[in-house]
Amino acid sequence: MTPIQDCLINKNHKINPIWIMRQAGRYLPEFREIRSKNPNFIKLCLNENLSSEITLQPIKRFDFDAAIIFSDILMLPYGLGQEIKFEKGSGPKLGKLDLDLITNVSKDEFSRKLNPIYKSISNISSNIICKNKDIIGFVGAPWTILVYMINKMSPKKSLSKEIFNDKLFINKLLSIITKFLKIHIENQIKAGATIIQIFDSWAGLLEDNISEFIYEPTLNLVNHIKKLDVPVVCFPRGIKDYKNFCEVVKPDMVNIDYNIDPKKIIKEIEIPVQGGLDPKILLTDRENLQKEATKYLQIFKDHPYVFNLGHGILPETKIEMVEELVKIVRDFK
Ligand code: 1CP
């Protein structure tokens, strides 16, 4: 059994598994090298040989307990035919959203467009380096995908709140997105994904309608994944009430963000927990890293806990600090 699956099932497991969000990314020189020769990000995600190689880069360096497939949550709008470009420095830019067009996309057409991702998962899962490791497939939560599809860029850049006024439109779009997320998840599992993580990076944008726009569509996905007999991890970043989220959505594990007090979580949440450490801690020094990482390990020492960060690793992170973090987690007793 893999270390993470053991942690999910066995309350008395001893060692905390570790992997890192965005572990295949710009902090790695070997990733930057491939990226510099491949300026088109979508094409890179759809190059099964290169995406497999990138996925394995952090495994070779740090021997993490899970490989997360190198792809992007925004491959979903791409699969639905919405234009998408990643421009240097300004993040993703999406084209016109045509509801009639995406309503008529067939399951086969969608799966065919994203097929290199599934081939890459299958490559990785048969690679000997991944023996006894989980292969993490992932999707964006319906709400987060909807935000990008309607806003057409990162809400970090700009967000006009009026776009969320048309509830009928939102519900229609959420239901199309959810239908295709299920197909994308099934395809990833068939190809060899052993865990699915749902990233709801913009869950924190909503103050009203949380139940309708976040809980219900996510619960729908979670129930679907459970039927496929694969554990599901939710990351509802920025949500205020993790306890309530877990009670309603019931994922197998929840990834907490770095604004959440782990001492509060340990009292409130019974299910396995993942993550939490602020990625900025990796930009400080070894002593501080030791102190902050040990804080999480101590707090969760009698709770099923997978070590991870409270958001993606930052591109300016030094390799030595990641090596140090892995050592701290593996040496903790
Ligand atoms: O070289 C580059 O500039 C590419 C940077 C990059 C990378 C490495 C992007 C662009 N996506 C990815 C890969 C990626 N994205 C992975 C797989 C690799 C891994 O984790 O090791 C995963 C799981 C994601 C997920 C993802 N993409 C999320 C959810 C997690 C999170 O960070 O909140 C989101 C929101 C995206 C959208 C996205 N992809 C890339 C950018 C610049 C953005 C926009 C982020 C924003 O709105 O600010």
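Analyst: In this predicted model, Gln-57 touches Leu-28, Glu-30, Phe-31 and Ile-34, leaving aside residues up to four places away in sequence. Gln-57 belongs to helix 4, which covers residues 48-62. With a relative accessible area of 7%, Gln-57 is buried, because buried means under 20%.

Asp-63 is placed in the loop between helix 4 and strand 1 (66-68). Its phi is near 55°, a positive value in a residue other than glycine. The relative accessibility of Asp-63 is 41%, so this residue counts as partly exposed. Another aspartate with a positive phi is Asp-229, for which the angle is near 65°. Asp-229 sits in the loop between helix 11 (210-227) and strand 6 (232-235). Its relative accessible area is 69%; the limit for exposed is over 50%, and Asp-229 is therefore exposed.

Gly-137 has 0% relative accessibility and so counts as buried. Apart from residues up to four places away in sequence, Gly-137 touches Ile-69, Gln-188, Ala-193, Ile-195, Ile-196 and Gln-197. The C-alpha atom of Gly-137 is separated by 19 Å from that of Phe-62, and the two residues are 75 apart along the chain.

One of the contacts of Gly-137, Gln-188, leads on to helix 10, where Gln-188 also takes part in the contact with helix 8. Helix 8 (residues 115-125) and helix 10 (residues 167-191) pack with their axes 8 Å apart and at an angle of about 30°. Because angles under 35 degrees count as roughly parallel, helix 8 is roughly parallel to helix 10. Their crossing is right-handed. Helix 8 contributes Ile-117, Tyr-118, Ile-121, Ser-122 and Ser-125 to the contact, while helix 10 contributes His-184, Asn-187, Gln-188 and Ala-191. By class, this contact of helix 8 with helix 10 holds four nonpolar and five polar residues, and no charged ones.

Helix 10 also packs against helix 9 (residues 142-151), at an angle of about 115° and with the axes 9 Å apart. The crossing of helix 9 and helix 10 is likewise right-handed. From helix 9 the contact draws on Pro-142, Trp-143, Ile-145, Leu-146, Met-149 and Ile-150, and from helix 10 on Phe-169, Ile-170, Leu-173, Leu-174, Ile-177, Thr-178 and Leu-181. The residues of the contact of helix 9 with helix 10 comprise twelve nonpolar, one polar and no charged.

In soluble globular proteins, nonpolar side chains tend to be buried together. The largest nonpolar core of this model has 123 residues, and those with the most contacts inside it are Phe-64, Phe-307 and Leu-325. Helix 10 gives the most to this core, with eleven residues. Leu-325 touches Ile-18, Ile-20, Leu-277, Leu-282, Leu-289, Ala-293, Phe-307 and Leu-309, when residues up to four places away in sequence are not counted.

Terms used:
Residues are numbered from 1 along each chain as its sequence is written. This is a predicted model: local features need pLDDT of at least 70, side-chain atom pairs count only at pLDDT 80 or more; totals for chains, interfaces and linings use all residues. Side-chain values use heavy atoms; hydrogens and water are left out. Axes are lines fitted to C-alpha atoms, for helices over the stretch in contact, and angles run from 0 to 180 degrees between N-to-C directions. Helices (H or I, at least four residues) and strands (E, at least two) are DSSP runs, numbered from the N terminus. Angles under 35 degrees count as roughly parallel, over 145 as roughly antiparallel, 65 to 115 as roughly perpendicular and the rest as oblique. A crossing is left-handed if the near helix is turned anticlockwise from the far one by less than a right angle, and right-handed if clockwise. Contact means heavy atoms within 4.5 Å. Ala, Val, Leu, Ile, Met, Phe, Trp, Tyr, Cys and Pro count as nonpolar, Asp, Glu, Lys and Arg as charged, and the others, Gly among them, as polar. A nonpolar core is a set of buried Ala, Val, Leu, Ile, Met, Phe, Trp, Tyr and Cys residues joined through side-chain atoms within 4.5 Å. Buried means under 20% relative accessible area, exposed over 50%, partly exposed in between (1.4 Å probe, protein chains only).
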